[in-house]
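Have the sequence and the 3D view ready as you read.

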Amino acid sequence: MKLPLHERERVIIKTREHSRVLRQPVGAFLFLTALCAFCLGYLSRDDLSEWLAANADVWMIVSVVLWAALVLIWSVIPWARWLRSQIVLTTERIMFRPTYNDGKLQSVGLFTVRDLVAHTKTKNAMTRAGTLDIVLNQGYVRLAHVPSVPYFRSLAMNAMTNLRSNQHVAYTETTNSEGMGA
């Protein structure tokens, strides 16, 4: 997907939510597959009771259709949402598409950011994934499941520092040049 960037804006880092979000959908897929395989194996036995043996083919079809519907709901849709999630840091803003959203890419300008707070848990020391709070003047925006959140925070803080120092230099240059022509 092409990002809507401004004229001099450049992408610093582009990522998506951490893959630990997929633990539950993968677990659901494995559990449902095992349960469906057990049902199909049980229904294919020769020593079934008469009432169950008479409709075993129908119950096999029902179990496969139920498996497909539940796998779609509990595994495929969350996986597709994860594929669509994005977190992009540019030289001017932080853009993100949360997992549960109507698909619109949202952005926060780096000039409006007062602070970035990174939250990680000690059990995530290996991946360093966590939550990033973008503190604004009127509240905050929370980005969950950011991979390597301390590194992302340091890149964002450097981008904010560079942006503010470059804008200050550009502002003083325009003010000095306006007085030269008088």
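A residue is called buried under 20% relative accessible area, exposed over 50%, and partly exposed in between (1.4 Å probe, protein chains only). This is a predicted model, in which local features need pLDDT of at least 70 and side-chain atom pairs count only at pLDDT 80 or more, while totals for chains, interfaces and linings use all residues. Residues are numbered from 1 along each chain as its sequence is written, and side-chain values use heavy atoms, leaving out hydrogens and water.

Side chains of opposite charge can pair when their charged atoms come close. A salt bridge here is a side-chain nitrogen of Lys or Arg within 4 Å of a carboxyl oxygen of Asp or Glu. The structure holds 4 of them, including these:

| Pair | N to O distance |
|---|---|
| Arg 45 and Asp 47 | 2.9 Å |
| Arg 153 and Asp 115 | 3.8 Å |
| Arg 142 and Asp 133 | 2.7 Å |

Arg 153 sits in helix 4 (residues 149-180) and Asp 115 in strand 5 (residues 115-120), so their pair ties together parts that are 38 residues apart in sequence. Helices (H or I, at least four residues) and strands (E, at least two) are DSSP runs, numbered from the N terminus. Arg 153 is partly exposed at 27%, and Asp 115 is partly exposed at 29%. In another pair, Arg 142 is partly exposed at 49%, whereas Asp 133 is buried at 7%.

Now turn to Met 60 in helix 3 (residues 56-84). Met 60 is partly exposed at 21%. Leu 43 is 17 residues away from Met 60 in sequence, with 6.9 Å between their C-alpha atoms.
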